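Student: I have not looked at this structure before. Can we go through it one question at a time?

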Amino acid sequence: MTHRARVPSFSFYLLLLRLAAWLAPGEARAEWLAEWKAELWHVGRSHGTGMAGAFRGGRRVTAFCLGAFPDALWLRRNGSGRRRMAAWGLDRMRSGSARRCGALLALGAAASLLLGFRLPATRRFFLPEPYQTDSLLVTIQRGGSEETPRPTVRLGDYLSWRTDAGRLFTGLAFYQPAMGRIRTATGRSASLPIARASGNLFDLLHHPVPAIPAYPADDHRASDPPGGARVVLSRKVWRDLFDGDPGIIGRVADVSGERARVAGVLPEDFWRLPGQADAWLLEDSRTLRQLPDDSPGFVLARVRGESFPSAIDGWTYMTVSQRSGETERFACISISQQARQPLSLALFALFLAGLALPATTALALGEYPVGRYPLARAVRARRWIFLAVKLGLVAPIVFFTSVDLAYGLCQAPWPVSIYLQLASSFLGFLFGFRWALRDQRRRCPVCLQLLTNPAQVGQDSRNFLAWHGAELICAGGHGLLHIPEMPTSWFSTQRWLYLDPSWRGLFDERRAGLAKNGAARAGC
Amino acid sequence: MAVPTEPRLSHTAAMILQAIHAGQVYGFSVMEVTGLPSGTVYPAMRRMERDGLIASRWEQPSIAEAELRPPRKYYRLTRTGKTTLDAAQKRYPLLARMIVSAETEGA
């Protein structure tokens with residue numbers, strides 16, 4: 001039985017060329033691709049095409065197409081003058097001065113923070129608390145899940161707690177988000193998430209909604225008397241649906257079929273509680289009771305400190321006996337704890353990364369023996385300050401990026417978002433700190449430049465007679481770094497060798513040469 | 001006094017230059033004559049074009065259309081390229097024998 005290898009078709013080779021074309025600079029891409037496609041046509045004719053455009057000699061044609069990648073890369077590296085300048089700038093950034101390293105890290109931290117502010121789901125983690133919260137302000141969830149976007153408490157439970165559990169709470173509020181429609185007096189309407197809530201919801205957040213004032217008879221807002229349902233709008237709805245009307249307070253709107261007067265507009269990013277809403281219809285208990293007892297919602301409560309012996313600093317449980325004799329467990333989760341959750345997770349990940357770090361890299365920075373010309377204290381301190389700055393900037397980069405990833409970019413459901421943040425921050429801290437240590441070991445202790453010109457010194461066979469390993473040099477002429485290939489009892493870790501000032505002349509010439517080359521490249 | 005210097009080519013670059021001089025004016029034909037892979041030939045031709053040793057030009061679309069094929073980019077030696085090739089032939093004497101140009105063949 002003979003076996004015939006499958007030969008790729010023309011479209012496969014075209015795909016390879018198109019992939020390579022992405023490496024070519026944009027301004028030259030079209031012409032570059034046209035040339036390669038034309039050449040491919042001739043390659044195809046040279047090897048002959050069979051059925052369905054398949055080439056004979058597929059391996060050779062594939063090899064031909066793969067050559068497009070180095071060609072495109074060459075064009076990228078040697079493209080226009082502007083591009084060459086950019087590449088030269090990148091080389092300079094890579095050249096490894098401490099300031100550039102710090103600037104890049106600071107830029108990374110600022111970029112990740114900025115991204116967090118731009119993503120609606122993560123902005124709340126980076127902004128200060130909009131309302132006064134303390135450990136006694138909690139949300140109550142059925143079962144015990146720490147954070148869930150679903151309403152879990154029945155209206156009947158809330159109403160019974162209001163009457164029976166006064167010794168536990170100083171305040172209880174209920175809200176139930178659902179999609180609804182707002183119609184303005186001018187006839188404009190929009191469908192948006194509206195929370196039907198008890199009237200004291202914002203009082204518990206220390207952001208009381210004012211009562212509707214009585215307007216003079218000649219004011220058009222006086223057509224409906226004060227009292228009845230009130231609606232609070234988000235700033236977005238006020239801006240989009242009411243055109244940012246400055247006299248919005250007291251206006252009447254139809255909210256999910258109910259006439260309500262606008263009682264206030266919330267500040268930007270004010271709402272941080274579970275459940276999404278753009279308008280809050282505040283109703284009295286009598287109206288709320290008209291809803292079915294088993295309709296679910298969220299409950300916000302302010303607990304009495306003395307009723308919860310272990311003051312709530314996070315979350316605690318509340319067991320409730322139902323009339324049927326069964327008991328149900330509810331979790332009381334502090335609002336401030338919810339806001340701190342990403343930071344708590346990051347700190348836990350930091351702790352884990354700290355434990356794992358010694359297993360992945362050596363913590364020692366090497367031996368820096370005092371030479372004949374001891375370094376000034378300020379120079380020695382600068383090295384440690386640089387390490388601290390690196391570690392200090394890696395931490396916020398990892399924190400902001402993990403929050404952006406888990407809650408903003410992926411928007412994974414709970415609890416996947418928690419695991420995602422934990423895993424990403426753990427890996428980020430681990431590899432970030434590992435990089436900071438490795439980078440520190442590859443820098444000159446005097447000028448903090450990255451060491452260059454690695455050279456292999458010695459032979460393996462001479463391990464017991466002399467050291468062998470890698471030697472790196474400081475381009476500023478401050479010294480040499482010797483890294484043993486095989487640690488021994490007398491040469492266990494990398495060792496720095498200071499060069500005395502008599503070497504400076506040699507390196508000054510080299511620096512002048514480098515500067516000249518750099519200027520020449522910039523002028524290309 | 002400054003002494004004019006001629007660019008020195010590697011043997012591979014000299015082979016490609018010789019192939020173009022010999023009349024192999026397309027990338028694929030240069031590959032076939034020299035036996036070099038496409039990943040070497042095309043970047044080398046771009047480098048030589050950048051250095052002014054060769055120049056490229058697209059052929060007339062009408063010619064390609066008449067032959068029912070896509071238009072091709074072809075390369076030719078510049079005056080500098082010819083001078084450089086002469087210098088390379090002195091350095092690599094077998095070059096001209098390996099890839100014979102039409103004019104040499106005619107002679």
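Tutor: A residue counts as buried if 20 or more other C-beta atoms lie within 10 Å of its own, and as exposed if 12 or fewer do. Keep in mind that this is a predicted model.

Student: Is A:Asp243 buried or exposed?

Tutor: A:Asp243 sits in the loop between helix 10 (235-240) and strand 6 (252-255) of chain A. Its phi is near 55°, a positive value in a residue other than glycine. A:Asp243 has 11 C-beta neighbours inside 10 Å, so the residue counts as exposed.

Student: Where in chain B is B:Leu68, and does this residue count as buried or exposed?

Tutor: Phi of B:Leu68 is also positive, near 55°, and the residue is not glycine. Its place is the loop between helix 4 (61-66) and strand 2 (73-77) of chain B. Because B:Leu68 has 6 C-beta neighbours inside 10 Å, its class is exposed.

Student: What share of the residues of chain A counts as buried?

Tutor: The secondary structure of chain A comes to 15 helices and 15 strands. Among contacts in chain A with a separation of 6 or more, 68% are between residues 24 or more positions apart. Chain A has 524 residues, and the share that counts as buried is 29%.

Student: How far apart are the end C-alpha atoms of helix 6 of chain A?

Tutor: Helix 6 covers residues 98-118 of chain A, which is 21 residues. At 1.5 Å a residue the helix should span 30 Å. The model agrees with this, since the distance between the end C-alpha atoms is 30 Å.

Student: Which elements do the buried residues of helix 6 of chain A pack against?

Tutor: The buried residues of this helix are A:Ala98, A:Cys101, A:Leu105, A:Ala109 and A:Gly116. They cover an arc of only 75° around the axis, which means that they lie on the same side of helix 6 of chain A. The face turned away from that side carries the exposed residues A:Arg99, A:Ala103, A:Leu104, A:Leu107 and A:Arg118. In chain A, the buried residues pack against helix 7 (120-126) and helix 13 (377-409).

Student: Which residues form the covered face of strand 15 of chain A?

Tutor: Strand 15 is joined by four bridges to strand 14 (residues 479-484) of chain A, and the two run antiparallel. A:His482 has A:Arg495 as its bridge partner in strand 15, while A:Leu481 stands opposite A:Trp496. The uncovered face of strand 15 of chain A holds A:Arg495 and A:Leu497, and the covered face holds A:Trp496 and A:Tyr498.

Student: Which helix of chain B gives the most to the side that touches chain A?

Tutor: The contact takes 15 residues from chain B and 16 residues from chain A. Helix 2 (27-34) and helix 3 (38-50) of chain B each supply at least two residues of the chain B side. By class, that side has seven nonpolar, three polar and five charged residues. With six residues, the helix of chain B that gives the most is helix 3.

Conventions
Residues are numbered from 1 along each chain as its sequence is written. Chains are lettered from A and ligands numbered from 1 in the order in which they are written. This is a predicted model: local features need pLDDT of at least 70, side-chain atom pairs count only at pLDDT 80 or more; totals for chains, interfaces and linings use all residues. The expected span of a helix is 1.5 Å times one less than its number of residues. The arc is that of the directions from the helix axis to the C-beta atoms. Two residues are in contact if their C-beta atoms, placed from the backbone, lie within 7 Å. Ala, Val, Leu, Ile, Met, Phe, Trp, Tyr, Cys and Pro count as nonpolar, Asp, Glu, Lys and Arg as charged, and the others, Gly among them, as polar. Two strands pair if DSSP finds at least two bridges between them.
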